[in-house]
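Student: I would like to learn how to read the inside of a protein and the charged pairs on its side chains. Could we go through one example together, step by step?

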Amino acid sequence: MALYGYTQKYDDVEVPPAATDGQPAGNYGIALPKETSADVCKKVFKALQDYVRNQWEEDFRTHLGSVVQAFPTTWNAFTPSEGDMDRHSSCTA
């Protein structure tokens with residue numbers, strides 16, 4: 001997906017279909033310092049949940065419109081699901 005960001009910045013860049021066909025969206029991560037308290041971790045996790053619920057789609061369409069164009073019916077598969085966020089988080093809100 002990161003390759004599509006370059007297509008928006010550089011007109012002469014294209015992403016060949018073979019580079020993305022059948023590939024999973026992958027995981028996202030946020031790194032926090034080792035000494036981060038559980039309360040801060042929970043606040044970050046809650047902020048991420050709120051962002052995904054309320055702002056993700058607009059920002060994705062705005063900043064990665066070439067992904068939406070390349071995958072017009074499946075681009076939202078790149079959105080983190082709440083179940084995945086809960087399952088893969090080292091802290092929970």
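**Reading contacts, core and charges**

Tutor: Let us begin with one residue of this predicted model: leaving aside residues up to four places away in sequence, W75 touches E57, F60, R61, V67 and V68.

Student: Which residues touch the most other members of the largest nonpolar core?

Tutor: The general idea is that in soluble globular proteins nonpolar side chains tend to be buried together. Here the largest nonpolar core has 13 residues, and those touching the most other members are F60, V67, F71, W75 and F78. Two or more residues come from each of the elements α2 (38-54), α3 (56-63) and α4 (65-70), with α2 giving the largest share, three residues.

Student: How many salt bridges are there, and where does R61 find its partner?

Tutor: In general, side chains of opposite charge can pair when their charged atoms come close. The count here is four salt bridges. In one of them R61 meets E57, at 3.1 Å from N to O, and these two residues are four apart in helix α3, about one helical turn. Both R61, at 41% relative accessibility, and E57, at 44%, count as partly exposed.

How values were computed: Residues are numbered from 1 along each chain as its sequence is written. This is a predicted model: local features need pLDDT of at least 70, side-chain atom pairs count only at pLDDT 80 or more; totals for chains, interfaces and linings use all residues. Side-chain values use heavy atoms; hydrogens and water are left out. A nonpolar core is a set of buried Ala, Val, Leu, Ile, Met, Phe, Trp, Tyr and Cys residues joined through side-chain atoms within 4.5 Å. Buried means under 20% relative accessible area, exposed over 50%, partly exposed in between (1.4 Å probe, protein chains only). Contact means heavy atoms within 4.5 Å. A salt bridge is a side-chain nitrogen of Lys or Arg within 4 Å of a carboxyl oxygen of Asp or Glu.
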